[in-house]
Amino acid sequence: MEKKKCPQCKNLILKTSPTCLYCGRPNKFITKQYVNKKWNKDNNESLFDYIFINKFILLIILLILTIVIIIFN
């Protein structure tokens, strides 16, 4: 395993470790990309569903509005 020096305490730590074992400094800053890669999850599906449902509801409301305008004119 490859090791590197911790920038804070200068002890050798593994490159794959999330924090330094000696001082507790984070080795990798936690980002959404890091979490998705670590847990092999992809949250794009829920985002796509959310956008699709909102556009579908907007389409239905516009359709109902145009029908109401045509009927009452």
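## E2 and its partner

In this predicted model, E2 is exposed, with a relative accessible area of 55%. The side chain of E2 meets that of K15 in a salt bridge, with 3.2 Å from N to O. E2 belongs to the segment before β1 (3-5), while K15 sits in the loop between β2 and α1, so the pair ties together parts that are 13 residues apart in sequence. K15 is partly exposed, at 41% relative accessibility.

Side chains of opposite charge can pair when their charged atoms come close. The count for this structure is 1 salt bridge.

## S17 in the loop

S17 is part of the loop between β2 (12-14) and α1 (32-39). With 14% relative accessibility, S17 counts as buried, because the cut-off for buried is under 20%.

A polar atom of the S17 side chain lies 2.9 Å from the backbone oxygen of L14. The backbone oxygen of T19 is 3.5 Å from a polar atom of the S17 side chain.

A disulfide is a covalent bond between the sulfur atoms of two cysteines. How many disulfides does a search of the whole structure find? The search finds 0.

For C9, the closest cysteine sulfur is in C20, at 3.6 Å, which is too far for a bond. For C23, the closest cysteine sulfur is also in C20, at 3.6 Å, and again this is too far for a bond. The cut-off behind this reasoning is 2.5 Å between the sulfur atoms. C9 is partly exposed at 25% relative accessibility, and C23 is partly exposed with a relative accessible area of 34%.

Note on methods
Residues are numbered from 1 along each chain as its sequence is written. This is a predicted model: local features need pLDDT of at least 70, side-chain atom pairs count only at pLDDT 80 or more; totals for chains, interfaces and linings use all residues. Side-chain values use heavy atoms; hydrogens and water are left out. Buried means under 20% relative accessible area, exposed over 50%, partly exposed in between (1.4 Å probe, protein chains only). Helices (H or I, at least four residues) and strands (E, at least two) are DSSP runs, numbered from the N terminus. A polar contact is a pair of N or O atoms within 3.5 Å; within protein, one must be able to donate a hydrogen and the other to accept it, and residues adjacent in sequence count only if both atoms are side-chain atoms. A salt bridge is a side-chain nitrogen of Lys or Arg within 4 Å of a carboxyl oxygen of Asp or Glu.
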